[in-house]
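User: Can you walk me through this one? I'd like the layout before the details.

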Amino acid sequence: MKAGKLTAEQALERLRHLPYQDLGFAKVDHHRVLRQGFPEVVLGQGKSPEQVAAIVESLASHSPRLLVTRASEEMYSAVKARTPEATYNPTARAIIVDRMQ
């Protein structure tokens with residue numbers, strides 16, 4: 001903020017979601033990347049494609065890298081619509097976002 005990169009409102013919005021963001025159906029841990037060096041891994045099983053897409057969108061807004069395990073192709077389609085750089089490995093049933101490549 002002092003460097004002029006964020007307005008006070010933008011800084012407050014970022015802080016509002018720390019250490020986690022409550023999406024109603026999931027609490028997304030945005031501090032895990034700071035503590036562990038890798039963001040929260042999302043278990044796709046038991047979640048709807050829309051829920052997985054919302055979680056991925058939230059995590060991707062705070063971290064350049066994330067992983068969804070036990071993901072279906074339907075989940076991938078929903079994620080891809082919100083996070084175009086996501087890729088899918090059908091053998092591993094994994095959705096990957098890696099902006100650090």
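**Layout and details**

Analyst: From the N terminus on, the elements of the protein chain run α-β-β-α-β-α-β-α-β-β. Helices (H or I, at least four residues) and strands (E, at least two) are DSSP runs, numbered from the N terminus. This is a predicted model, where local features need pLDDT of at least 70 and side-chain atom pairs count only at pLDDT 80 or more, while totals for chains, interfaces and linings use all residues. Residues are numbered from 1 along each chain as its sequence is written, and side-chain values use heavy atoms, with hydrogens and water left out.

User: How many helices and strands is that?

Analyst: Four helices and six strands.

User: What order do the strands take in the open sheet?

Analyst: The order is β3-β4-β6-β5, four strands with mixed pairing. β3 (42-43) and β5 stand at the edges with a single partner strand each, so one side of each has no neighbour in the sheet. Two strands count as paired if DSSP finds at least two bridges between them.

User: Which sense do β4 and β6 pair in, parallel or antiparallel?

Analyst: Antiparallel, over four bridges, between β4 (residues 65-69) and β6 (residues 94-98). V68 has I95 in β6 as its bridge partner, and L66 has V97.

User: And β5 with β6?

Analyst: That pairing is antiparallel too, over three bridges. N89 stands opposite A94 in β6. The two strands form a hairpin with four residues between them, and R93 in the turn has a positive phi of about 55 degrees.

User: Where else is there a positive phi in a residue other than glycine?

Analyst: R70, with phi near 50 degrees. R70 sits in the loop between β4 and α4. For context, most residues other than glycine have a negative phi.

User: What share of the chain is buried?

Analyst: Buried residues make up 32% of the 101 residues.

User: Changing topic: which helix lies across β3, β4 and β6?

Analyst: Helix α3 (residues 49-60), running at about 160 degrees to β4. Axes are lines fitted to C-alpha atoms, for helices over the stretch in contact (heavy atoms within 4.5 Å). Angles run from 0 to 180 degrees between N-to-C directions.

User: Which residues have the most contacts inside the largest nonpolar core?

Analyst: V56, L66, V68, V79 and I95, in a core of 20 residues. α3, β4, α4 and β6 each supply at least two residues of this core, and α3 gives the most, with six. A nonpolar core here is a set of buried Ala, Val, Leu, Ile, Met, Phe, Trp, Tyr and Cys residues joined through side-chain atoms within 4.5 Å.

User: How many aromatic pairs are there?

Analyst: The count comes to one aromatic pair. Y76 and Y88 are stacked, at 5.3 Å centre to centre with 20 degrees between the planes. Y76 lies in helix α4 (residues 73-82) and Y88 in strand β5 (residues 87-89), so the pair ties together parts that are twelve residues apart in sequence. The rule is that rings of Phe, Tyr and Trp (its six-membered ring) pair if their centres lie within 6.5 Å; planes under 30 degrees apart count as stacked, over 60 as edge-to-face and the rest as tilted.

Key:
Buried means under 20% relative accessible area, exposed over 50%, partly exposed in between (1.4 Å probe, protein chains only).
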